[in-house]
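Q: Could we go through this model together? I would like to start with the terms and then move to the elements.
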Amino acid sequence: MLTIKKLEINPLLENCYILSDESKECVIIDCGAFYEQEKEAIKKYITSNELTPVHLLNTHLHFDHVWGNPYLYSDFGLMTEASARDIFLYNDVPGQIYQLIGEKWNEDFFAPIGKELKENDIITFGNHQLKVIETPGHTPGGICFYCEEEGVLFSGDSIFYCSIGRTDLPGGSTEDLINAIKEKILELPDNVKIYPGHGPASDIKTERKYNPYL
């Protein structure tokens with residue numbers, strides 16, 4: 001059975017997820033931890049549940065989803081796994097921050113890229129698998145992680161509850177995003193639960209019926 005721990009973190013209220021099962025292996029999706037207490041909360045959850053982190057996954061590489069990656073690299077040796085199409089964003093986290101919120105950020109950001117993920121890649125941990133689904137549009141390298149066995153999708157900023165990700169940032173495309181969602185995400189079973197990068201969870205049936213962008 002898959003256990004899903006959601007932590008709403010950083011000033012942009014980003015959703016970080018820790019997935020684990022009875023094997024005690026876990027993966028972390030979109031670690032945007034910014035404040036020290038957020039990093040400590042993640043570490044406490046992992047250690048108190050005697051988990052072994054084996055993957056750090058990113059749905060995309062906007063700064064609010066990667067702030068905690070250096071921490072997970074230094075403490076657990078996890079390298080970032082994401083689409084190669086978003087590496088240009090990862091290489092300029094301070095520039096992203098300045099462009100979006102007008103603040104200069106001068107801290108060192110070091111968390112190397114490990115595996116570059118692409119369509120239909122399978123990530124394994126414990127007794128579970130996550131399938132990579134490419135959904136470009138919010139960023140060129142936007143991806144979702146789908147666990148068919150448990151009927152859950154981790155969608156990052158591609159699709160939210162009755163909304164979709166913004167497409168006005170570098171590399172964004174409204175047409176690409178809507179096409180990817182319609183062709184790949186809405187084709188999943190109605191009862192698949194969607195865990196997005198911000199805000200509350202949803203499901204495929206709700207988004208197919210009520211999402212005004214689709």
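A: Two strands count as paired if DSSP finds at least two bridges between them. Helices (H or I, at least four residues) and strands (E, at least two) are DSSP runs, numbered from the N terminus.

Q: And what kind of model is this?
A: This is a predicted model, in which local features need pLDDT of at least 70, side-chain atom pairs count only at pLDDT 80 or more, and totals for chains, interfaces and linings use all residues. Residues are numbered from 1 along each chain as its sequence is written, and side-chain values use heavy atoms, with hydrogens and water left out.

Q: What do E7 and E8 form?
A: E7 and E8 form a hairpin with 2 residues between them. Gly126, in the turn, has a positive phi of about 50°. The two strands run antiparallel and are joined by 4 bridges; Ile123 has Leu130 in E8 as its bridge partner.

Q: In what order do the strands of the open sheet come?
A: The order of the 6 strands is E7-E8-E9-E10-E13-E14, with mixed pairing. Strand E7 (122-125) and strand E14 (202-203) are the edge strands, each pairing on one side only.

Q: Where does H6 pack on that sheet?
A: H6 touches E8, E9 and E10, and its direction makes about 140° with that of E8. Contact means heavy atoms within 4.5 Å; axes are lines fitted to C-alpha atoms, for helices over the stretch in contact, and angles run from 0 to 180 degrees between N-to-C directions.

Q: Which residues of H6 are buried?
A: Leu177, Ile178, Ala180, Ile181 and Ile185 are buried in H6. They fall within an arc of 160° seen down the helix axis, so they line one face; the arc is that of the directions from the axis to the C-beta atoms. The face turned away from the buried side carries the exposed residues Glu175 and Glu183.

Q: Changing topic: which residues have the most contacts inside the largest nonpolar core?
A: Leu19, Leu57, Leu130, Phe145 and Phe154 do, in a core of 17 residues. A nonpolar core is a set of buried Ala, Val, Leu, Ile, Met, Phe, Trp, Tyr and Cys residues joined through side-chain atoms within 4.5 Å. E9 gives the largest share of this core, 3 residues.

Technical notes
Buried < 20%, exposed > 50% of the residue type's maximum accessible area, 1.4 Å probe, protein only.
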